[in-house]
Amino acid sequence: MIVVPLGIASATPTAVRHLPAVALWREGSVFLFDCGENAQMRMLQAGLKRSKIDAIFISHFDVDHYSGLMGLLSTLQLQRRDRELTIVGPKGIKEYVNWNLQFSGVELSFDINYSEVEEGAEETRVIDADDYYVEARPLKHRRFCLGYRFQEKDRPGKVDADKASALGITEDEQFKKLKAGENIKLEDGTEIEAYEIVGHPRPGDSFAYVSDTEYCPNAVKLAMNTNILYHEATFSNQLADKAKETGHSTASDAARVATEAQTKLLVIGHFSARYTNLHVLLKEARDGFYPTWLANELRPIFTDPTHERGIVSPKVELKDLTKKSSGSDYRSNDRGGSRGRSSGGKNFRSRRGHSGGGGRSSSGGGGGYRSRGGSSDNRRSYNNRDGGDRYNRGDRGGDRYNNRGNDNRGDRRYGSNSYSNSSNRDRDDKNNNDSKPNRTITPRTSYDDFDRF
Ligand SMILES: [Zn+2]
């Protein structure tokens, strides 16, 4: 599984962050969790084909979470898609899409298979395919909002070929039965029990998408023992009251869910526009749950980097959010050369000043997951669940995420600085906190309405 954050803003986009959407790539198929404005564009930039989308999951009807849906459907139509598309969401999503299509006089060239969840429903299996299923549970937001868990089904254990041939098992049919857990009878009448030949089943990978919500037990249930939990972290602790009031989570809330669910990796996203420096959120989350990364738009996160690296590669240069020069990168990329230098440059510098970040650019590299120690608890539980077979994989888990900072071997887009700088940044942050205990956040423009989110 490869998770690609496409938009990590909450409520309103910023100059560098887009509205909520997260893509999950699995075995050539793409699953989209929320579809904020620009999601289809970000997919292109991420190197994900829109034609590969199998299903779209909408969490709730705050506009920023589904404002990209009709645009995406229109593109799929223009691409002459003929494959069925599944759309999952709270009850009403079908009516919304149909009304829009009708209004525009569009008749789709493909079928949409809707899976709607009624308010008040508890755990709902919204998709049940041969090799995976997706489960939805209500979260705790100001309006009905669903969290999702994508779960690969367990794969049968490996057959011990030597043992099998020693016992005289040769036919495919026999192997099939054994793999399915059935016992077989040999020609001489000996009964072979499946467990003698077949190892423990190998648990499938899992991913949970939790946005928007206050802390709630359902978030923990969705995230239980997942490989990757994507959790909203709209606010820092300083604004815990506002988080509660608006039905959102702080970075610590996300960490709490991750800890209780014993996920392997927490990825936080859905950041309030007021944070130009996301490092404060990362730090607070890591205080509660060390294996945490900041979601970085378009940067893929792997459950199995050895096999998955290179499958999804961004088509644009990723902004290294940990580099001090990111402001100027942005200018030269998006405004093109000299014109932006005077006006754009000024804006960016003054913004950084406002953020209180001491000139550090908004961070987001998420180079972390350095320590294996931090995940030992998770690993233990993982192994319990798995039985022996997965043990090795679980053990490698440290490695899987560990290499993040080195992902860039031969691929400069991943920005090598993030990894080595993180300890310095920790130090900087402490110093900063000492010298400026009352870090405040200043609206960047008079139009920024922070009461909204
Ligand atoms: Zn939201």
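This text walks through a predicted model, from its nonpolar core to one helix and then to some backbone exceptions.

The largest nonpolar core has 83 residues, and V3, A23, L32 and V267 touch the most other members. Helix α9, residues 251-261, gives the most to this core, with six residues. For L32, leaving aside neighbours within four places in sequence, the contacts are A21, A23, A39, I53, I56 and F57.

Helix α2 spans residues 69-78, and its buried residues are L69, L72, L73 and L76. Viewed down the axis of α2, these buried residues fall within an arc of 100 degrees, so they line one face of the helix. An α-helix has 3.6 residues a turn, so residues three or four places apart point the same way. The cover over the buried residues of α2 includes α1 (39-46), β4 (53-57), β5 (85-90) and α3 (93-104).

The backbone exceptions come next. Most residues other than glycine have a negative phi, and most peptide bonds are trans. R80, which follows α2, has a positive phi, near 55 degrees. R80 lies in the loop between α2 and β5. Is R80 buried or exposed? R80 has 9 other C-beta atoms within 10 Å, so R80 is exposed.

H270 also has a positive phi, about 60 degrees, and is not a glycine. H270 sits in the loop between β14 (265-269) and α10 (279-288). H270 counts as buried because it has 31 C-beta neighbours inside 10 Å.

The peptide bond joining S211 and D212 is cis, with omega about -5 degrees. D212 is in the loop between β12 (206-210) and α7 (217-223).

Terms used: Residues numbered from 1 in each chain as written. Predicted model: local features only at pLDDT ≥ 70, side-chain atom pairs only at ≥ 80, totals over all residues. Buried ≥ 20, exposed ≤ 12 C-beta atoms within 10 Å, placed from the backbone. Helix = DSSP H or I, 4+ residues; strand = E, 2+ residues; numbered from the N terminus. Arc of directions from axis to C-beta. Contact = placed C-beta atoms within 7 Å. Core = buried A, V, L, I, M, F, W, Y, C linked by C-beta atoms within 7 Å.
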